[in-house]
Amino acid sequence: MSLFKDWWHRSFYGKRIAMLGLKAAGKSQFLKSLGCKEANPGVRSQKEKYNWFKVSYPDKVVYIKAGYDIGGGLEIFKQSFNKRIKDSDWVFFIIDIDKYLNDGIDEESHESYQYQVNERLDYINKNVSNRYFDKIAIVLTHADMMSQASSELINTFQRLTREKTYSVLTSHCYPIDARDERVVLECFKRIIGI
Ligand SMILES: Nc1nc2c(ncn2[C@@H]2O[C@H](COP(=O)(O)OP(=O)(O)OP(=O)(O)O)[C@@H](O)[C@H]2O)c(=O)[nH]1
Ligand SMILES: [Mg+2]
């Protein structure tokens, strides 16, 4: 009975989500904390398929459809982001706020983290119809590494992006420790509006 119910719910009410972001941003960690057992944080994801899973609250269950946990390389991002944003009910753009603000240079690409994130935001802004922007939420991971309070982090992040063409995308952002299940569940709840 329960298996049938699960099948029924995920087939008809299941939601599709997309995780976007640079490598090691915390995409797999966020999925894992949400309840996806197959997500593998700390291991570089290529294009691993995960099965459907449930996000469980005391009073509610949200069914998430099967999808891909796609790694953060720019080529993969460019190939897949447009379709993924359109096909998904909610899109999580994951940014390591510690790296973003402290702006380290990536050893592989020799570009700063902030530059690479901004480049992707700009890319989305220019290549995706703005009618999809409402379903994109910016999640700022590694907030636990920062001395600033959440509200300050949001202010700092928004100040840096205010003058940019893509500032419309950064109006909703959520600083979290993606390893903390309780925090991730609360963040997810706010984003999807339940
Ligand atoms: N302290 C802290 N560590 C985090 C946080 N989010 C993720 N991590 C850790 O950062 C590392 C990278 O996280 P992943 O979830 O694997 O990153 P990813 O975005 O899936 O990376 P790719 O699959 O390579 O694209 C893991 O060891 C995580 O446990 C956070 O909010 N705080
Ligand atoms: Mg990953």
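**Sheet, fold and ligand shell of a predicted model**

Strands S6 (residues 90–96) and S7 (residues 136–141) pair in the parallel sense, with 6 bridges between them; two strands count as paired if DSSP finds at least two bridges between them. Within this pair, Phe-92 stands opposite Ala-137 in S7. The structure is a predicted model, in which local features need pLDDT of at least 70 and side-chain atom pairs count only at pLDDT 80 or more, while totals for chains, interfaces and linings use all residues. Residues are numbered from 1 along each chain as its sequence is written, and chains are lettered from A and ligands numbered from 1 in the order in which they are written.

S6 and S7 belong to an open sheet of 4 strands, ordered S1-S6-S7-S8 with parallel pairing. Its edges are S1 (17–21) and S8 (173–175), each of which pairs on one side only. From one strand to the next the twist averages 25°. Helix H7 (residues 181–192) lies across S6, S7 and S8 and runs at about 170° to S8. Such angles run from 0 to 180 degrees between N-to-C directions, and the axes are lines fitted to C-alpha atoms, for helices over the stretch in contact.

In total, the protein has 7 helices and 8 strands. These are DSSP runs numbered from the N terminus, helices being H or I with at least four residues and strands E with at least two. The radius of gyration is 16 Å, close to the 16 Å from the globule rule for 194 residues, so the protein is as compact as a globular protein of that length. This radius is taken over C-alpha atoms, and the rule is 2.2 Å times the number of residues to the power 0.38. Of the 194 residues, 35% count as buried; a buried residue has 20 or more other C-beta atoms within 10 Å of its own, with C-beta atoms placed from the backbone.

Ala-24 sits in the loop between S1 and H2, and is buried, with 21 other C-beta atoms within 10 Å. His-142 lies in the loop between S7 and helix H6 (150–161) and is also buried, with 22 C-beta neighbours inside 10 Å.

Ligand 1 is surrounded by 22 residues, the closest being Gly-26, Ser-28, Gln-29, Ser-45 and Ala-178; a residue is near a molecule if its C-beta atom, placed from the backbone, lies within 6 Å of it. Helix H2 (residues 27–34) gives the most to this shell, with 3 residues.

Definitions and conventions: A residue is buried if 20 or more other C-beta atoms lie within 10 Å of its own, exposed if 12 or fewer, and partly exposed in between; C-beta atoms are placed from the backbone. Two residues are in contact if their C-beta atoms, placed from the backbone, lie within 7 Å.
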